[in-house]
Amino acid sequence: MKRIYMDYAATTPLDPRVRKAIDPYFDKAFGNPSSIHSFGQETLTAVETARKQVAGLLHAEPSEIVFNSGGTESDNTAIKGVGYALKDKGTHIITSAIEHHAVLRCCEFMASQGFDVTFLPVGREGIVDPSDVKKAIHKDTILISIMHANNEIGTLQPISEIGAIAKEKSILFHTDAVQTFGHIEIDVNRIHVDLLSLSAHKVYGPKGVGALYIKKGTPLIPLLHGGGQEEGRRSSTHNVAGIVGLGKAAEIARMEMAEEGENITFLRDKLLKQIEQQIDDVDLNGHRTQRLPNNINISIKHVEGEAILMSLDLEGIAASSGSACSSGSTEPSHVLMALGLSPELARGSLRLTLGKYTDEKEVETVADTLQKMVSHLRSLSPFGKGA
Ligand code: PLP
């Protein structure tokens, strides 16, 4: 059976060009970049090339890129790092109710440590209202953390407006751009961010490596203390192969993401149209246009999302019913609940995320299989239509 992968928001396969770039850094070029000798200098050069490649995609300075283990570490470093650095100035943090758990759980932890956290609500379409951000700011506010695009429903947040508000009030602004880095254009200067999280495995790079953009001069206490790598901002021996992979993935994205985005949007729209035509009682979650090019998140009435997922998996189709991190849990997604969906509808949700290896044939197969699956499940379900 040919398997179809439609879960690119969970992770992406390695681009073969990234694999080729990484290959020498496991054995041939294995030196520690902190070593003075030629083995070290060789890998130091590779790390610094990757830093330029990542910075280039963000329109940042290479010295503003700090390599680490990925999105979760970046989010934690930004929030805890700024929180502890500025705690004498204020203890108020603003975030949203639909952040990834890497931000949400971190903010909950900060609240348990005496910080005051505002979790802003979102509208029915999953967008944070910049005027709510403005209203929530007070004299103790030290940090605003609002994600660039949501990993479950794909909504793009008005981060330029939020960034402008933060700048005007001289408050630091962090955005989790794990789902947008390498997929849509980001200019850190235009969106006025001070900190930005990214991860390699969402952009055809390896897992376990990412980076935090830290604008020059941003006060931050590091999460890891040790050998002082990354100019003391993140100690631990560099994951050279991973960093080279992230750099290569960024370079490829810089050249190809515009065209890739157009292709994926075309396929995504085709898939959504077919689903909406072939299956009734389907609602699109999130904003219809202000969303990531590759994301479809739908609630299918009268069926359980988990049942659809399992049936699709038996047919070789990989999708998701929310974020991968919370799958396996029967709790409805916090994102869908924040949109105001009932727990039943939230549980009947399905996320299909496309990528650069998705083709038209796969789109047709998924739409047709889903239609058959839903009508079968509805006929069995005591809550099925007409039951
Ligand atoms: N933030 C968002 C929006 C994500 O989608 C993810 C991954 O699912 C993360 C953070 C965590 O990134 P990582 O898996 O690199 O720790």
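## His238 and its surroundings

Contact means heavy atoms within 4.5 Å. One of these partners, Glu230, also makes a polar contact: its side chain and the side chain of His238 meet at 2.7 Å. A polar contact is a pair of N or O atoms within 3.5 Å; within protein, one must be able to donate a hydrogen and the other to accept it, and residues adjacent in sequence count only if both atoms are side-chain atoms.

His238 sits in the loop between strand 8 (210-214) and helix 7. Helices (H or I, at least four residues) and strands (E, at least two) are DSSP runs, numbered from the N terminus. His238 has 15% relative accessibility, so it counts as buried. The cut-offs are under 20% relative accessible area for buried and over 50% for exposed, with partly exposed in between (1.4 Å probe, protein chains only).

## Basis of the model

This is a predicted model: local features need pLDDT of at least 70, side-chain atom pairs count only at pLDDT 80 or more, and totals for chains, interfaces and linings use all residues. Residues are numbered from 1 along each chain as its sequence is written, and side-chain values use heavy atoms, with hydrogens and water left out.

## Two domains

The protein chain is divided into domain 1 (4-12 + 257-380) and domain 2 (16-253). These bounds come from an automatic or database domain assignment. The C-alpha centres of domain 1 and domain 2 are 28 Å apart. Across the boundary, 31 residues of domain 1 are in contact with 37 residues of domain 2.

## The largest cavity

The structure holds 3 cavities of 30 Å³ or more. On a 1 Å grid over the protein atoms alone, a cavity is a set of points where a 1.4 Å probe fits but cannot get out; lining residues have an atom within 4 Å of a point. Grid points are joined across faces, edges and corners, and a volume is the space filled by probe spheres set on the points.

The largest cavity has about 160 Å³ of space. It is lined by 17 residues, of which His183, Ile264, Pro293, Asn294 and Leu354 are the closest to its centre. By class, the lining has 8 nonpolar, 7 polar and 2 charged residues. Ala, Val, Leu, Ile, Met, Phe, Trp, Tyr, Cys and Pro count as nonpolar, Asp, Glu, Lys and Arg as charged, and the others, Gly among them, as polar. Domain 1 and domain 2 both give residues to this lining, so the largest cavity lies between them.

## The second largest cavity

The second largest cavity has a volume of about 60 Å³. Its lining is made by Asp15, Val18, Gly182, Val203, Tyr204, Ala249, Ile252, Ala253, Glu260 and Lys356. Helix 7 (residues 240-278) gives the largest share, 4 residues. The class count is 6 nonpolar, 1 polar and 3 charged.

Ala9 lies in the loop between strand 1 (4-5) and helix 1 (16-22). Its relative accessible area is 4%, so Ala9 is buried. Leaving out residues up to four places away in sequence, Ala9 touches Asn151, Gln179, Lys202, Arg351 and Thr353. Ala9 and Ile146 are 137 residues apart in sequence and 18 Å apart in space, C-alpha to C-alpha.

Thr358 is in the loop between strand 12 (349-353) and helix 11 (360-380). At 8% relative accessibility, Thr358 counts as buried. Its side chain reaches the backbone nitrogen of Gly355 at 2.9 Å. Beyond its neighbours within four places in sequence, Thr358 is in contact with Met6, Tyr8, Leu267 and Val363.

## Ala136 in helix 5

Ala136 belongs to helix 5 (residues 130-136). Ala136 is buried, with a relative accessible area of 16%. Setting aside neighbours within four places in sequence, Ala136 is in contact with His92, Ile94, Thr118, Leu120 and Thr141.

## Positive phi outside glycine

Ser170 is not a glycine, yet has a positive phi of about 55°. It sits in the loop between helix 6 (159-168) and strand 6 (172-176). Ser170 is exposed, at 60% relative accessible area.

Glu231 is not a glycine either, and has a positive phi of about 50°. Its place is in the loop between strand 8 and helix 7. Glu231 counts as exposed, at 67% relative accessibility.

Conventions. On a 1 Å grid over the protein atoms alone, a cavity is a set of points where a 1.4 Å probe fits but cannot get out, and a pocket is an open set with protein on both sides within 12 Å along at least five of seven lines; lining residues have an atom within 4 Å of a point.
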